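Subject: Structure handover

Hello,

Please find below the structure you asked to look at. Have it open while you read the notes after it.

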Amino acid sequence: MIRKLALAALLVTLGTVSAFAADISGKWTADVPGRNGTQTMTFNFTVAGSTVTGKVTTARGDADITDRKIDGDTLTFSQTMAMGGNSMTATYTGKIDGDTIKFSRAMGTRPAAEFTATRVK
C-alpha cells in the first residue's frame, strides 16, 4: 500500500514538473534563415493550460498563430502570410528546453528552416 502511494506521489510530482517546463508565455526572438538572408522574428505566446495563443512579428508586420498545440515539451503552430496577392502557410514545430525553443519551419515545397528562439527576459 505504501509503495502504491509513493508511486502515485512520484507520478503527480513528475506531471507537475512537466507542466512547468512547457510554460512558454512571453516574448521570444530568433534570427531565421531564409532565401533572402536572415530575418529577425519575434514570437509572443500566451499559455493557459494546454491552449496556446500568440503572434509572430516580422518586418512585414504581425500574424496570429493558428492550429496551435502544446504537448509536453513540443509546440506546433501555423502562420499564414499574404504575399503578392497569394497566401502561404508556414508550419512550425518546436522543442522547448528552458529558455530556448529549437524550431523547424516548413513552407510549401521549400526545405525546412532550422533555428532557435530565445526567451526575452
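Predicted model: local features only at pLDDT ≥ 70, side-chain atom pairs only at ≥ 80, totals over all residues.

Residues are numbered from 1 along each chain as its sequence is written, and side-chain values use heavy atoms, with hydrogens and water left out.

The core

A nonpolar core is a set of buried Ala, Val, Leu, Ile, Met, Phe, Trp, Tyr and Cys residues joined through side-chain atoms within 4.5 Å. Buried means under 20% relative accessible area, exposed means over 50%, and partly exposed lies in between (1.4 Å probe, protein chains only). The largest such core has 22 residues, and Ile24, Phe43, Phe45, Leu75, Phe77, Tyr92 and Phe103 have the most contacts inside it. Among the elements that give two or more residues to this core are strand 2 (37-48), strand 5 (74-83) and strand 7 (100-107). Strands here are DSSP runs (E, at least two residues), numbered from the N terminus.

The aromatic rings

Rings of Phe, Tyr and Trp (its six-membered ring) pair if their centres lie within 6.5 Å; planes under 30 degrees apart count as stacked, over 60 as edge-to-face and the rest as tilted. The structure holds eleven aromatic pairs. One of them is the stacked pair of Phe43 and Phe45, with 5.9 Å centre to centre and 15 degrees between the planes. Phe43 counts as buried because its relative accessibility is 0%, and Phe45 is buried because its relative accessible area is 3%. Phe43 also pairs edge-to-face with Phe77, at 6.2 Å centre to centre and 70 degrees between the planes. That pair links distant parts of the chain, with Phe43 in strand 2 and Phe77 in strand 5, 34 residues apart. Phe43, Phe45, Phe77, Tyr92, Phe103 and Phe115 form one aromatic cluster.

Contact means heavy atoms within 4.5 Å. Leaving out residues up to four places away in sequence, Phe77 touches residues including Val56, Ile65, Ala90 and Phe103.

The charged pairs

A salt bridge is a side-chain nitrogen of Lys or Arg within 4 Å of a carboxyl oxygen of Asp or Glu. The structure holds four salt bridges. In one of them, Asp64 and Lys55 have their closest N and O atoms 2.5 Å apart. Asp73 and Lys95 form a salt bridge at 3.0 Å, N to O. Asp73 lies in the loop between strand 4 and strand 5, and Lys95 in strand 6, 22 residues apart. Asp99 and Lys121 meet in a salt bridge at 2.5 Å, N to O. Lys121 is exposed because its relative accessible area is 81%. Salt bridges that share partners join Asp99, Arg119 and Lys121 into one network.

Two single residues

Arg105 is found in strand 7.

Gly72 sits in the loop between strand 4 and strand 5. Gly72 counts as partly exposed because its relative accessibility is 43%. Gly72 and Ser50 are 22 residues apart in sequence and 9.0 Å apart in space, C-alpha to C-alpha.

Regards

Note on methods:
Helix = DSSP H or I, 4+ residues; strand = E, 2+ residues; numbered from the N terminus.
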